[in-house]
Amino acid sequence: MTRAEMINALIAADHTFRFDDNFGDWFETILRDGFKGYRHMTDSELAQEYAERVACGFIVVADSAG
């Protein structure tokens with residue numbers, strides 16, 4: 001998966017997350033601690049963020065075997 005694809009998937013997940021019950025906590029964290037932006041993350045940071053979102057179910061990865 002390319003950087004651009006991961007960034008697009010993360011942004012799409014962010015848009016859905018704002019309708020989640022936990023949005024207030026997430027938004028407060030952004031306001032308190034900031035957000036460096038996906039384009040400014042290293043490849044490793046971006047891959048880690050993507051993997052965490054997939055593990056939590058915020059990003060659904062299509063099964064390529066089907």
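**Entry 1: Asp 14**

I began with the surroundings of Asp 14 and found that, once its neighbours within four places in sequence are left aside, Asp 14 is in contact with Trp 26, Tyr 38 and Arg 53, where contact means heavy atoms within 4.5 Å. I place Asp 14 in helix H1, helices being DSSP runs of H or I with at least four residues and strands runs of E with at least two, numbered from the N terminus. Is Asp 14 buried or exposed? I note it as buried, because its relative accessibility is 14%; buried means under 20% relative accessible area, exposed over 50% and partly exposed in between, with a 1.4 Å probe and protein chains only.

**Entry 2: what I am reading**

I remind myself that this is a predicted model, in which local features need pLDDT of at least 70 and side-chain atom pairs count only at pLDDT 80 or more, while totals for chains, interfaces and linings use all residues. Residues are numbered from 1 along each chain as its sequence is written, and side-chain values use heavy atoms, with hydrogens and water left out.

**Entry 3: the chain as a whole**

I looked up the secondary structure and found 3 helices and 0 strands, with the elements running α-α-α from the N terminus on. The C-alpha trace spans about 40 × 25 × 15 Å along its principal axes. Of the 66 residues in the chain, 21% are buried. When I took the contacts between residues at least 6 apart in sequence, 70% of them turned out to join residues at least 24 apart.

For the charges I noted 6 positive and 12 negative side chains, the centres of the two sets lying 8 Å apart; Lys and Arg count as positive and Asp and Glu as negative, whereas His and the chain ends are not counted. Each charge is placed at NZ of Lys, CZ of Arg, CG of Asp or CD of Glu.

**Entry 4: the nonpolar core**

I then asked which residues make up the largest nonpolar core. I list 10 residues in all: Met 6, Ile 7, Ala 9, Leu 10, Ala 13, Tyr 38, Met 41, Leu 46, Tyr 50 and Ile 59. Such a core is a set of buried Ala, Val, Leu, Ile, Met, Phe, Trp, Tyr and Cys residues joined through side-chain atoms within 4.5 Å. Helix H1 (3-17) and helix H3 (43-56) are the elements that give two or more residues to this core, and H1 gives the most, with 5 residues. For Leu 10, not counting residues up to four places away in sequence, I find that it touches Tyr 38, Leu 46, Glu 49, Tyr 50, Arg 53 and Ile 59.

I counted 3 aromatic pairs in the structure; rings of Phe, Tyr and Trp (its six-membered ring) pair if their centres lie within 6.5 Å, and planes under 30 degrees apart count as stacked, over 60 as edge-to-face and the rest as tilted. Phe 23 and Trp 26 form a tilted pair, 5.8 Å centre to centre with 45° between the planes, and both lie in helix H2 (residues 23-33), 3 residues apart, about one turn of the helix. The pair of Phe 23 and Phe 27 is stacked, because the ring centres are 5.4 Å apart and the planes at 20°. Phe 23, Trp 26 and Phe 27 form one aromatic cluster. I record Phe 23 as partly exposed at 26% relative accessibility, Trp 26 as partly exposed at 27%, and Phe 27 as partly exposed with a relative accessible area of 39%.
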